[in-house]
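The exercises below ask you to read a structure step by step, each with a worked solution.

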Amino acid sequence: MGTTVATNALLERKGERIALCVTRGFRDLLQIGNQARPSIFDLTVSKPSNLYEEVIEVDERVELVCDKEEENQDSSASLVKGVSGEIVKVVKPLNEDALKPLLKGLLEKGISSLAVVLMHSYTYPHHEIAVEKLAASLGFRHVSLSSALTPMVIAVPRGLTASVDAYLTPVIKEYLSGFISKFDEGLGKVNVLFMQSDGGLASESRFSGHKAVLSGPAGGVVGYSQTLFNLETQKPLIGFDMGGTSTDVSRYAGSYEQVLETQIAGAIIQAPQLDINTVAAGGGSKLKFQFGAFRVGPESVGAHPGPVCYRKGGELAVTDANLILGFVIPDYFPSIFCPKEDQPLDIKATREEFEKLAREINSYRKSQEPSAEDMTVEEIALGFVNVANETMCRPIRQLTEMKGHETRNHALGCFGGAGPQHACAIARSLGMKEVLIHRFCGILSAYGMGLADVVEEAQEPYSAVYGPESVLEASRREAMLLKQVTQKLQEQGFREENITAETYLNLRYEGTDTAIMVKRRIAED
């Protein structure tokens, strides 16, 4: 089962009321963020709203100790070896007595979900764990610890991930409890699994907010990869999933391409996720003529009232343009349109609206160039479709050419309700020679969930310079993590011979702060 509950709650800012718990002196940490400027020349930058309502500061402090400092430390100093192997100094132990009234104040305000991010907790999580125990004893419904969700260096993405999890998990749990309650005796022995953003399935008890944001599109990636690659074509695949509001594109060449950090609706999430690029162009994207240019989206006409051809008083959309061009054939659609849902698609109304738009466009063209010839309705419709196609080509180029892959060497795996209408034009623009339209193209995301594997994931920080000694220690830690995830899968009824594992090392060059996820090669027998 997949759900867009988490995605919609994040986009619409309709999640749980949460508070942020941080080390004293860092209350503005997530507000400042990483100071990225995606639109550096925009004079009216609008920052996304914070997910948390309140911030409480904790009296505690942990500092990292470098080798030279360690030699000069007093013997009385409180030095501890962290999970990552780094030496930390507990400068100020957690003051639970001072924290308790702050937490009670949050409960009095109706806030019962808490995100906790303390400095250096990725290697020294003890203070965060103590905060969780205290908050749970006072009656908090949910506490998200940054050290448990993503034990990695750099506090900002850790804190943002914890905020997203605290914001979404209670909403998902409420949705799931409502779903389960619809059954007479609950789910009982029924094994219901939920699709995660990384393309794996998880049980209800292990399904959490920060791993559910791409739950819907992930099913489609699994669907086309498992039914097309090496079965219908030997070429690497570009997944092209065009729906009503947006288009999701992805790449598959024998293994799922994942990213460790993504930004969705202004929130950074640091968790393994399938590398899916989304653009706001779909069958319901609005068509507009503004300032002498054809524009498609990002606004959508939605399912209600929908495009003009739906007979509900809607606005022109990409579907209307495809109807004019003959890509959508009314005879193949049931008579379910208009408020009474008993009429076919209305091509007459669509043509009338395009004729109105044609007069506006041709009038503007005459004002700019008196000798300009009038554009026909079909030319205008094709112009809008070409704009939509180019919008959808951009993320495909990002997944291929920007990563060193030749786009034309791929096959286009097309699915989604509107995908086949644009597949050939997209392939032609990108130089592709092969287009595969899936037989289950309208339901492939749902079908793919039935093909997905149950996935357990664990990670641990380890700070060391790559070398013979550190490789041995990394291998030892790998074995421990493998034992943990194998045990979790066995508890769910899987046999050891049916379990496969993949190991990744998060490496970076000395003097840089950008890490690269490197997959371990499996030794051949």
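**Exercise 1.** Describe the second largest pocket of this predicted model, beginning with how the residues of its lining divide by class.

*Solution.* Sorting the lining by class gives 14 nonpolar, 16 polar and five charged residues. These belong to a lining of 35 residues, and those nearest the centre of the pocket are Leu-214, Asp-248, Ile-264, Ile-276 and Thr-278. Turning to the elements, those that contribute two or more residues include helix 1 (5–12), helix 8 (215–228) and helix 11, while strand 12 gives the largest share, with five residues. The volume of this second largest pocket is about 1100 Å³.

**Exercise 2.** Determine how helix 10 and helix 11 are oriented to each other, and which residues make their contact.

*Solution.* Begin with the axes of helix 10 (residues 347–368) and helix 11 (residues 377–399), which come within 9 Å and cross at roughly 90°. Angles of 65 to 115 degrees count as roughly perpendicular, and helix 10 and helix 11 are therefore roughly perpendicular to each other. Among the contact residues are Arg-351, Phe-354 and Glu-355 of helix 10, and Val-377, Glu-378 and Phe-384 of helix 11. By class, this contact has eight nonpolar, no polar and three charged residues.

**Exercise 3.** State how many aromatic pairs are counted, and classify the pair of Tyr-224 and Phe-415.

*Solution.* The count comes to nine aromatic pairs. For Tyr-224 and Phe-415 the ring centres are 5.8 Å apart and the planes lie at 35°, so the pair is tilted. This pair links distant parts of the chain, since Tyr-224 in helix 8 and Phe-415 in strand 17 (residues 411–415) are 191 residues apart.

Terms used: Residues are numbered from 1 along each chain as its sequence is written. This is a predicted model: local features need pLDDT of at least 70, side-chain atom pairs count only at pLDDT 80 or more; totals for chains, interfaces and linings use all residues. Side-chain values use heavy atoms; hydrogens and water are left out. Axes are lines fitted to C-alpha atoms, for helices over the stretch in contact, and angles run from 0 to 180 degrees between N-to-C directions. Helices (H or I, at least four residues) and strands (E, at least two) are DSSP runs, numbered from the N terminus. Angles under 35 degrees count as roughly parallel, over 145 as roughly antiparallel, 65 to 115 as roughly perpendicular and the rest as oblique. Contact means heavy atoms within 4.5 Å. Ala, Val, Leu, Ile, Met, Phe, Trp, Tyr, Cys and Pro count as nonpolar, Asp, Glu, Lys and Arg as charged, and the others, Gly among them, as polar. On a 1 Å grid over the protein atoms alone, a cavity is a set of points where a 1.4 Å probe fits but cannot get out, and a pocket is an open set with protein on both sides within 12 Å along at least five of seven lines; lining residues have an atom within 4 Å of a point. Grid points are joined across faces, edges and corners, and a volume is the space filled by probe spheres set on the points. Rings of Phe, Tyr and Trp (its six-membered ring) pair if their centres lie within 6.5 Å; planes under 30 degrees apart count as stacked, over 60 as edge-to-face and the rest as tilted.
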